[in-house]
Structure formats: C-alpha cells, structure tokens
Amino acid sequence: MSTNTLNLKTRDLSLNDLSITDIGDDHLFTGLETPMKADAFKLSDEEKKERIAILFEEIMDVMGLDLTDDSLKGTPKRVAKMYIDEIFSGLNPVNKPKVALFDNKYQYNQMLVEKNITFYSNCEHHFVPIIGKAHVSYISSGKVIGLSKLNRIVQYYAKRPQVQERLTNQIAEDLKAILETEDVAVIIDAKHLCVSSRGIKDDTSATVTTYYGGQFNTPEKISELHNYINN
Ligand SMILES: [Zn+2]
C-alpha cells in the first residue's frame with residue numbers, strides 16, 4: 001500500500017467522524033478536482049434536464065407544494081434547465097471556453113491585472129449562491145490571451161457546485177496551463193449565502209482566498225498587485 005493510499009484512508013476516517021452538518025457548515029473540501037462520477041456524461045443534457053425536472057417536482061411535492069398551481073407548475077422544468085444550461089454548466093468540459101494564445105508582440109513583461117470580475121457560483125454543501133469578485137493576474141512568458149478569456153475562465157469554474165478554495169485553485173491551475181507559466185495570481189473575495197442567510201446568519205463577513213504562483217510569491221509583487229486592485 002502506498003503512502004498516498006494511507007493518507008487518503010486517514011483523511012477519510014477523520015471526515016467520517018464528522019457529522020454531515022459539521023462538514024457543510026465548516027465547508028471542508030476534499031481536493032482540487034470537482035468530485036465527478038466516471039459516468040458523469042452518460043446522459044445527454046436533454047436527458048439530464050428531464051430527470052432533474054421529475055426529481056425536483058418530487059421534492060416540491062414532498063414539501064407539500066401544489067404543483068397544479070399556475071405559478072408553481074413550471075418550476076421543476078425551469079430549475080432543471082437553469083441547472084444544466086446556466087448555473088452548473090461548468091461541470092461539462094464541452095462548455096470550457098476555447099482560448100487562443102497570441103505572441104506577446106508588445107513585449108509587455110509586467111503583470112497584467114484583470115480586476116473586479118463579478119461571478120455567481122453555488123456552495124456545494126448547501127446549493128445556495130456564492131457571490132463575489134475575482135481578481136486575476138499574470139506575467140507573460142511570451143504568450144498572451146484576450147482579456148475577456150480571463151473573465152470566461154472565471155465564469156466557467158464558477159458555474160459548478162463549489163467551495164471557494166477549490167474555485168481559486170482551479171482558475172489558477174487552468175491559467176498556468178494555458179499561459180505556460182507559473183506566474184499567475186488569483187484573489188477571490190466572496191459572500192456565501194449559506195453563511196449570511198442561514199446557519200450562523202452573519203451578513204457582514206466575506207471570505208478571501210488567494211493563489212500566488214511563481215514570481216507573484218514575494219511580498220513586493222503581492223503588494224504591487226494589491227495596490228492595483230485597491231486603486
Ligand atoms: Zn455552504
């Protein structure tokens with residue numbers, strides 16, 4: 001048995017000692033990759049929407065809602081369409097933004113900062129919104145990408161059931177791979193509705209997560225980046 005397997009076992013054991021409420025309210029997460037089943041794409045998007053509509057109708061029915069009411073009867077189909085086509089569309093790799101790389105013709109070799117990218121995600125523990133801003137930065141290794149692609153990459157990973165730490169790291173890892181450099185930084189500042197509208201009901205706190213790769217991982221670069229973001 002490898003060390004990795006041992007570590008995994010130990011971690012699983014400790015997670016098992018916690019209740020599902022502890023895991024959710026403490027927002028523990030298990031890895032960089034969004035946990036997906038091997039057969040996640042066996043059903044087509046249309047088949048998934050049909051299944052979700054049936055299942056969501058059952059949830060509403062169990063809660064005692066009258067599905068013959070004109071206002072409610074379309075809700076299961078609306079929710080199914082919204083899940084697959086919009087708020088969880090980032091689960092499907094076919095929706096990943098296509099990114100073209102360009103040569104850095106201007107020889108711009110300082111940090112480029114795309115700040116205040118508004119995103120809407122959903123907490124994977126409670127399925128309620130995470131609303132925030134992402135600030136993304138990189139130093140070109142010779143290649144550049146269109147500015148709107150930085151925004152699209154943030155939106156793609158946000159449109160999954162998420163935890164903020166994973167969202168931060170997924171954006172950073174993808175940018176590093178696309179831009180062929182370690183010199184990538186991601187800062188996310190977000191409000192979690194599962195913290196403000198339920199549970200501890202704290203309406204004023206926000207969560208900040210950061211990733212500083214390569215050249216960004218020095219006090220000087222971090223303070224330069226924060227100056228741009230705060231100005
Ligand atoms: Zn939550």
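Aspartate 189 stands opposite valine 208 in strand E7. Strand E6 (residues 184-192) and E7 are joined by six bridges and run antiparallel. The model described here is a predicted one. Its secondary structure comprises eight helices and seven strands.

**The sheet**

- Five strands form an open sheet with mixed pairing, in the order E5-E2-E3-E6-E7.
- Strand E5 (161-162) and strand E7 (207-212) are the edge strands, and each of them pairs on one side only.
- In general, the strands of a sheet pair through backbone hydrogen bonds, in either a parallel or an antiparallel manner.

**Helices lying on the sheet**

- Helix H5 lies across strand E2 (111-123), strand E3 (129-139) and E5, and runs at about 25° to E2.
- Helix H8 (residues 219-230) also packs on the sheet, where it touches E2, E3, E6 and E7.
- The direction of H8 makes about 70° with that of E2.

**Helices H5 and H6**

- The axes of helix H5 (residues 147-158) and helix H6 (residues 164-179) come within 10 Å and cross at roughly 135°.
- Because of this angle, H5 is oblique to H6.
- The crossing in which H5 passes H6 is right-handed.
- On the H5 side, the contact involves Ile153, Val154, Tyr157 and Ala158, which meet Leu167, Gln170, Ile171, Asp174 and Leu175 of H6.
- By class, the contact of H5 with H6 has seven nonpolar residues, one polar residue and one charged residue.

**Helices H3 and H4**

- Helix H3 (residues 45-62) and helix H4 (residues 75-87) have axes that come within 8 Å and cross at roughly 135°.
- H3 is therefore oblique to H4.
- H3 passes H4 in a right-handed crossing.
- H3 contributes Asp45, Lys48, Lys49, Ile52, Ala53, Phe56, Glu57 and Met60 to the contact, while H4 contributes Thr75, Pro76, Lys77, Val79, Ala80, Lys81, Tyr83 and Ile84.
- The contact of H3 with H4 is made up of nine nonpolar, one polar and six charged residues.

**The protein as a whole**

- The C-alpha trace of the protein spans about 65 × 45 × 40 Å along its principal axes.
- The protein has 231 residues, of which 23% count as buried.
- Among contacts between residues at least 6 apart in sequence, 69% join residues at least 24 apart.

Notes:
Residues are numbered from 1 along each chain as its sequence is written. This is a predicted model: local features need pLDDT of at least 70, side-chain atom pairs count only at pLDDT 80 or more; totals for chains, interfaces and linings use all residues. Axes are lines fitted to C-alpha atoms, for helices over the stretch in contact, and angles run from 0 to 180 degrees between N-to-C directions. Helices (H or I, at least four residues) and strands (E, at least two) are DSSP runs, numbered from the N terminus. Angles under 35 degrees count as roughly parallel, over 145 as roughly antiparallel, 65 to 115 as roughly perpendicular and the rest as oblique. A crossing is left-handed if the near helix is turned anticlockwise from the far one by less than a right angle, and right-handed if clockwise. Two residues are in contact if their C-beta atoms, placed from the backbone, lie within 7 Å. Ala, Val, Leu, Ile, Met, Phe, Trp, Tyr, Cys and Pro count as nonpolar, Asp, Glu, Lys and Arg as charged, and the others, Gly among them, as polar. A residue is buried if 20 or more other C-beta atoms lie within 10 Å of its own, exposed if 12 or fewer, and partly exposed in between; C-beta atoms are placed from the backbone. Two strands pair if DSSP finds at least two bridges between them.
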